[in-house]
Amino acid sequence: MAATVTEMAGASASQVSEVSFDVESAAGPRTVTIRYRRAGTGEPLLLLHGIGHHRQAWDPVFDILAAERDVIAVDLPGFGESPGLPDRLAYDPESVLPVLGALCQALGVERPHVAGNSLGGVLALGMGRDKLVRSVTALSPAGFWSEAERRYAFTMLLALRRGAKVLPLPLIERLSRSVAGRTMLTSAIYAHPGRRSPEAVVAETLALRDATGFEQTLAAGRDDLFRDAVNGLPVTVAWGTRDRLLLRRQGIRAKHTIPDARLVRLPGAGHVPMHDDPASVARVILDTSA
């Protein structure tokens with residue numbers, strides 16, 4: 001089946017579009033649908049968010065990047081506004097990486113640069129290993145933990161998920177209107193949660209609550225350590241010094257695993273550094289993809 005691209009009603013070229021395409025599975029072709037935002041000119045740059053998040057995670061840097069790149073920020077399958085994966089397609093990297101390759105083909109993008117955060121970071125590294133991209137920027141990528149660190153991170157993620165599912169929407173909205181409330185809802189992933197807008201905090205809490213791919217993605221990560229070399233292309237691994245979810249010492253393990261990678265500290269930034277220090281994150285991505 002040829003890819004079908006649909007622009008959402010009332011959306012401009014820099015807002016939300018949808019693409020559907022076929023991916024092979026053990027039971028034959030399965031149709032995957034992805035929502036994405038695309039804008040800018042220059043070499044293509046694919047942006048991948050973390051588990052439980054959505055494409056809006058990249059909003060603080062999107063326009064900066066779009067000034068120099070053709071930027072595509074996607075909702076991964078089962079997150080944000082993208083439907084979950086169809087039957088016979090798993091949420092592990094071995095299944096999701098071909099989906100991302102097929103997505104690029106459907107959008108007419110050949111070997112884009114890629115930047116990913118957390119789950120998106122380890123997927124970006126996988127795309128680099130498989131030579132699907134031109135460069136990789138991985139922000140606090142998953143998969144470089146010890147077993148104790150993995151259990152700690154998964155416990156925090158499950159607690160955030162339970163909180164998002166239990167809290168009624170009026171309470172989420174009320175909490176988002178105060179710095180203390182925004183801190184309660186998002187301090188696990190941001191170093192400066194008070195800087196987030198109430199609207200953004202509500203939207204990302206609902207994205208976490210409604211993520212149909214959350215449990216299967218988390219389960220797929222229990223034994224998934226990234227141990228592979230990424231050769232022949234520029235790779236940057238960047239870690240916020242105030243990352244409370246994936247501790248920054250995991251960046252040292254990433255450097256040992258990928259010796260040619262550039263390891264960058266993001267002072268004062270948390271697990272989702274695009275919001276804590278958008279200027280530094282944008283510069284790291286643009287430098288890597290230069």
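This is a predicted model: local features need pLDDT of at least 70, side-chain atom pairs count only at pLDDT 80 or more; totals for chains, interfaces and linings use all residues.
In which sense do β3 and β5 pair, and over how many bridges?

1. **β5 and its neighbours.** Strand β3 (residues 28–39) runs antiparallel to β5, and the two pair over four bridges. One place to look is Y36, which sits opposite V74 of β5. With β4 (residues 44–48), β5 also makes four bridges, but there the sense is parallel. L46 has I72 as its bridge partner in β5. To get from β4 to β5 the chain goes through helix α1 (residues 59–66), and this β-α-β crossover is right-handed.

2. **How covered β5 is.** Strand β5 spans residues 70–74, and five of its five residues are buried. Side chains in a regular strand alternate between the two faces of the sheet. Here D70, I72 and V74 point one way, while V71 and A73 point the other, and all are buried.

3. **A charged residue in β5.** D70 deserves a click of its own. At 13% relative accessibility it counts as buried, because the cut-off is under 20%. Its side chain meets that of R38 in a salt bridge, with 2.7 Å from N to O. That pair links distant parts of the chain, with R38 in strand β3 and D70 in strand β5, 32 residues apart. R38 itself is partly exposed, at 23% relative accessibility.

4. **Other salt bridges.** The count comes to 18 salt bridges. In one of them, E18 joins R35, and the closest N and O atoms are 2.7 Å apart. E18 belongs to strand β2 (residues 16–25) and R35 to strand β3, so this pair ties together parts that are 17 residues apart in sequence. Another one connects the side chains of E43 and R134, at 3.6 Å from N to O. E43 is in the loop between β3 and β4, and R134 is in the loop between α3 (119–129) and β7 (136–139), so parts 91 residues apart in sequence are tied together. Both ends count as partly exposed: E43 has 37% relative accessibility and R134 has 30%. There is also a network: salt bridges that share partners join E18, R35, R55, D75 and E81.

5. **Helix α6.** Which residues of α6 (residues 179–186) are buried? They are G181, R182, L185 and T186. Looking down the axis of α6, these buried residues fall within an arc of 105 degrees, so they line one face of the helix. The packing partners of the buried residues of α6 are α4 (147–166), α5 (169–176) and α7 (198–210). On the face turned away from the buried side you'll find the exposed residues A180 and M184.

6. **Two serines to check on the phi axis.** S118 is not a glycine, yet its phi is positive, at about 60 degrees. Look for S118 in the loop between β6 (113–117) and α3, where it is buried with a relative accessible area of 8%. S140, also not a glycine, has a positive phi of about 45 degrees. S140 is in the loop between β7 and α4, and its relative accessible area is 0%, so it counts as buried.

Methods: Residues are numbered from 1 along each chain as its sequence is written. Side-chain values use heavy atoms; hydrogens and water are left out. Buried means under 20% relative accessible area, exposed over 50%, partly exposed in between (1.4 Å probe, protein chains only). Two strands pair if DSSP finds at least two bridges between them. A crossover is right-handed if, with the strands pointing away from the viewer, the path from the first strand over the helix to the second runs clockwise. The arc is that of the directions from the helix axis to the C-beta atoms. Contact means heavy atoms within 4.5 Å. A salt bridge is a side-chain nitrogen of Lys or Arg within 4 Å of a carboxyl oxygen of Asp or Glu.
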